[in-house]
Amino acid sequence: MRTPSAHDRPPPSAAPRTPAHAGPRTPGVAPLRATSQPLSPRLSGTFCPIPPQAWMLLALQLMGMPDVAHAQEAPSQPAVEVEVSQVASPPEGPLPEAELVPGRIERIDIEGNARTQDAVILRALRTLPGELLTRDAGPELKRRLLNLKLFKSVAVRSRPEGEGVVLQVQVDERWTLLPIPMFTSSKGQWQVGLFALETNLFGLNKTFVLGALAGNRGGNVFSLYRDPGIAGTRWTASLFGQYAKLDRERRVRDVVVEEYTDRRVDASATLGYQFLPELNVGAGVFTLLNKPLPRAAGGVAPERSDVFGVSVSAEYLGQDFHFYFNEGPLARLSFRQGLEAIGSTRAFRQVSAFAGYTLSVFGKQSLTLLGSFERVWGDPTVHALLLGGRTGSRGFTKETLWAEQAATATLEYQVPLWSPSMATFTAHAFLDVGRVAWKNARLRYAAPGAGLRVYLRSVAVPALGLDFTREPQTGEFVVNFAAGLSM
């Protein structure tokens with residue numbers, strides 16, 4: 001269809017042609033100098049009806065923990081040099097993807113997006129009609145779209161038209177509205193649950209998650225909403241809410257030394273700004289309410305704690321999406337402070353830092369180094385950092401290693417084993433190391449392990465996982481299994 005020309009006002013979701021806040025332009029798409037004779041480029045796309053990942057997205061993504069996608073695709077053929085002069089006209093018709101015809105972009109055609117709105121794709125391209133398309137722009141434009149994690153594949157081509165070229169973008173969408181069952185098991189603890197997950201809400205790349213978990217240690221319900229661009233702007237938003245009633249255990253050499261039942265309400269709201277495509281900085285408010293109960297008759301429990309406060313955070317995601325890993329750097333930093341002036345009954349402060357880098361090795365393998373530091377000030381029991389069963393502390397049973405301060409690091413190597421049409425099976429070896437402090441107790445550990453993963457091609461999160469780890473204190477082997485979203 002026809003969209004406004006370059007002389008019309010651009011869509012709200014499209015970045016201005018030379019925004020003051022835009023970072024350095026990636027090589028391959030150069031800005032166009034003004035000419036004395038204006039053109040009338042048009043912007044078009046195919047629109048289709050829009051049919052009707054999270055808390056774990058952080059695991060989810062991060063969760064979170066959370067991808068140039070050439071690692072899982074057939075290698076491209078070398079680009080054919082195409083010379084365009086003022087005298088000779090470009091060849092007629094579209095050329096193969098590796099042979100982009102350079103020139104002034106007359107319009108952009110988008111195909112294959114049955115659910116994703118054109119505005120999302122155009123904003124991710126960061127390219128407008130009237131700009132100059134260079135011969136080597138294809139891989140960069142493709143990378144930008146694949147990093148949305150909404151598409152299984154992307155094709156970018158161009159063909160001559162009039163005095164310039166038409167940029168043709170074709171996408172193959174993933175399923176984004178998913179009901180996902182989940183099951184985890186670790187040394188006598190088990191949980192089952194169901195997630196309703198939508199990572200492309202209204203076709204606008206917004207994420208919504210609603211889920212519930214139950215098991216032999218209790219359960220919880222939670223919800224998450226993330227908006228990467230409020231009304232197509234650089235402003236972002238995140239809302240999170242959770243209610244949990246869970247039995248908490250602290251174990252030393254697999255012996256329970258502390259226990260109680262924790263009833264908890266955790267909610268937060270954050271408003272952020274996307275300074276760069278990779279950098280988001282935000283601030284918000286949160287509440288953390290704990291109403292502990294004795295786990296058994298005659299037992300003891302910590303005192304009730306009500307915390308209301310403010311938070312600041314920064315996130316740098318410089319990774320490129322691959323099918324089963326994300327290549328490049330990422331870093332997250334957050335700070336939460338309880339304030340007595342707005343109702344907190346207990347002093348509380350928390351600092352969290354996380355950084356990692358994943359390197360593509362031999363094209364389809366990956367080497368990852370991750371590091372984290374967390375420190376909490378407050379009630380050492382109620383506000384303890386709950387480690388175990390997660391990256392950096394997989395040698396311990398889930399949430400049984402308590403800490404007021406924890407520093408962990410992980411080195412992991414992943415290799416694909418088999419890639420049928422629907423999924424890829426991988427194996428990985430890893431080493432988790434850490435230093436943990438809780439009250440007067442100190443623990444240093446190193447836990448090697450290995451595991452298997454299954455990645456579904458149409459879903460951006462792992463579906464099945466199995467880890468074998470050595471328990472650092474007892475030397476026993478621990479087997480952790482997960483099916484669903486909580487990887």
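Predicted model: local features only at pLDDT ≥ 70, side-chain atom pairs only at ≥ 80, totals over all residues.
For the protein chain, the mean pLDDT is 81, and 78% of the residues reach 70 or more. Over residues 1-95, pLDDT stays under 50. The model has 219 contacts beyond four places in sequence for residues 1-95.

Glu249 is part of strand β12, which covers residues 235-252. Is Glu249 buried or exposed? Its relative accessible area is 6%, which is under 20%, so Glu249 counts as buried. The side chain of Glu249 has a polar contact with the side chain of Arg295, at 2.5 Å. With neighbours within four places in sequence left aside, the residues in contact with Glu249 include Gln189, Arg217, Val256, Arg295, Thr400 and Trp402.

The model also contains cavities to consider. Rolling a probe the size of a water molecule over the atoms shows where empty space is left. The largest cavity has a volume of about 70 Å³. Which residues line the largest cavity? They are Lys187, Arg251, Val252, Arg253, Asp254, Phe396, Thr397, Thr400, Leu401, Glu471 and Gln473. Of the lining residues, 5 are charged, 3 are polar and 3 are nonpolar. Thr400 belongs to this lining and is also in contact with Glu249.

Technical notes: Residues numbered from 1 in each chain as written. Heavy atoms only, no water. 1 Å grid on protein atoms, 1.4 Å probe; cavity = no way out; pocket = protein on both sides within 12 Å on 5 of 7 lines; lining within 4 Å. Points joined across faces, edges and corners; volume = space filled by probe spheres on them. Nonpolar A, V, L, I, M, F, W, Y, C, P; charged D, E, K, R; others polar. pLDDT = per-residue confidence, 0-100. Contact = heavy atoms within 4.5 Å. Helix = DSSP H or I, 4+ residues; strand = E, 2+ residues; numbered from the N terminus. Buried < 20%, exposed > 50% of the residue type's maximum accessible area, 1.4 Å probe, protein only. Polar contact = N/O pair within 3.5 Å; in protein donor to acceptor, adjacent residues only side chain to side chain.
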